[in-house]
Amino acid sequence: MSNAAPMFEQVSVEFARRVAERERMNSPARANVCAICGDEVSLEQCKVDEYGVPVHDGCYVKRVLM
């Protein structure tokens with residue numbers, strides 16, 4: 001048994017945020033929630049972002065323009 005500390009790879013904050021967001025959105029309980037604002041989005045009116053999760057079209061446009 002070794003007393004060496006585990007080694008972790010450093011990743012950018014943006015990459016970690018995207019991975020966490022993707023994992024959170026894979027939950028079936030959150031399938032009808034905008035990935036950007038967290039509010040409910042109807043499946044008839046939602047758009048899908050580059051990760052395949054539902055978003056409000058207004059939220060997506062704001063995020064892209066930032």
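A residue counts as buried under 20% relative accessible area, as exposed over 50%, and as partly exposed in between (1.4 Å probe, protein chains only). The structure is a predicted model, in which local features need pLDDT of at least 70 and side-chain atom pairs count only at pLDDT 80 or more, while totals for chains, interfaces and linings use all residues. Residues are numbered from 1 along each chain as its sequence is written, and side-chain values use heavy atoms, with hydrogens and water left out.

The chain contains two helices and two strands. Helices (H or I, at least four residues) and strands (E, at least two) are DSSP runs, numbered from the N terminus. Along the sequence the pattern reads α-β-β-α. Of the 66 residues in the chain, 18% are buried. The chain exposes about 5,600 Å². Carbon and sulfur atoms supply 56% of that area. Accessible areas come from the Shrake-Rupley method with a 1.4 Å probe; for residues, only the protein chains shown count as cover. Contact means heavy atoms within 4.5 Å. Among contacts with a separation of 6 or more, 14% join residues 24 or more positions apart.

Salt bridges were examined next. A salt bridge is a side-chain nitrogen of Lys or Arg within 4 Å of a carboxyl oxygen of Asp or Glu. By this rule, the count is four. Side chains of opposite charge can pair when their charged atoms come close. Arg17 pairs with Glu14, and their closest N and O atoms are 3.4 Å apart. Both residues lie in helix H1 (residues 13-25). They are three residues apart, about one turn of the helix. Arg17 is partly exposed, at 48% relative accessible area. Glu14 is also partly exposed, at 38%. Arg18 forms a salt bridge with Glu14 too, with 3.1 Å between the closest N and O atoms. Arg18 and Glu14 are four residues apart in helix H1, so about one helical turn separates them. Arg18 has a relative accessibility of 39% and counts as partly exposed.

Another salt bridge joins the side chains of Asp49 and Arg63, at 3.8 Å from N to O. This pair links distant parts of the chain, 14 residues apart. Asp49 sits in the loop between strand S1 (47-48) and strand S2 (54-55), whereas Arg63 belongs to helix H2 (residues 57-65). Arg63 is partly exposed, with 27% relative accessibility.

A polar atom of the Asp49 side chain lies 2.8 Å from the backbone nitrogen of Tyr51. A polar contact is a pair of N or O atoms within 3.5 Å; within protein, one must be able to donate a hydrogen and the other to accept it, and residues adjacent in sequence count only if both atoms are side-chain atoms. Not counting residues up to four places away in sequence, Asp49 touches Ala35, Val55, Tyr60 and Arg63.

A nonpolar core is a set of buried Ala, Val, Leu, Ile, Met, Phe, Trp, Tyr and Cys residues joined through side-chain atoms within 4.5 Å. In soluble globular proteins, nonpolar side chains tend to be buried together. Here the largest core has five residues: Cys34, Ala35, Val53, Val55 and Cys59. Beyond neighbours within four places in sequence, the contacts of Val55 include Cys34, Ala35, Ile36, Val41 and Tyr60.

Cysteines were then checked for bonding. A disulfide is a covalent bond between the sulfur atoms of two cysteines. The cut-off is a pair of cysteine sulfur atoms within 2.5 Å. The count is zero disulfides. The sulfur of Cys59 has its closest cysteine sulfur in Cys37, 3.8 Å away, which is too far for a bond. Cys59 is buried, at 17% relative accessible area. For Cys46, the closest cysteine sulfur is in Cys34, at 9.1 Å, also too far for a bond. Cys46 is buried as well, at 17%.

Asn32 is partly exposed, with a relative accessible area of 34%. Asn32 and Leu43 are 11 residues apart in sequence, and their C-alpha atoms are 6.8 Å apart in space. Leaving aside neighbours within four places in sequence, Asn32 contacts Asp39, Glu40, Val41 and Leu43.
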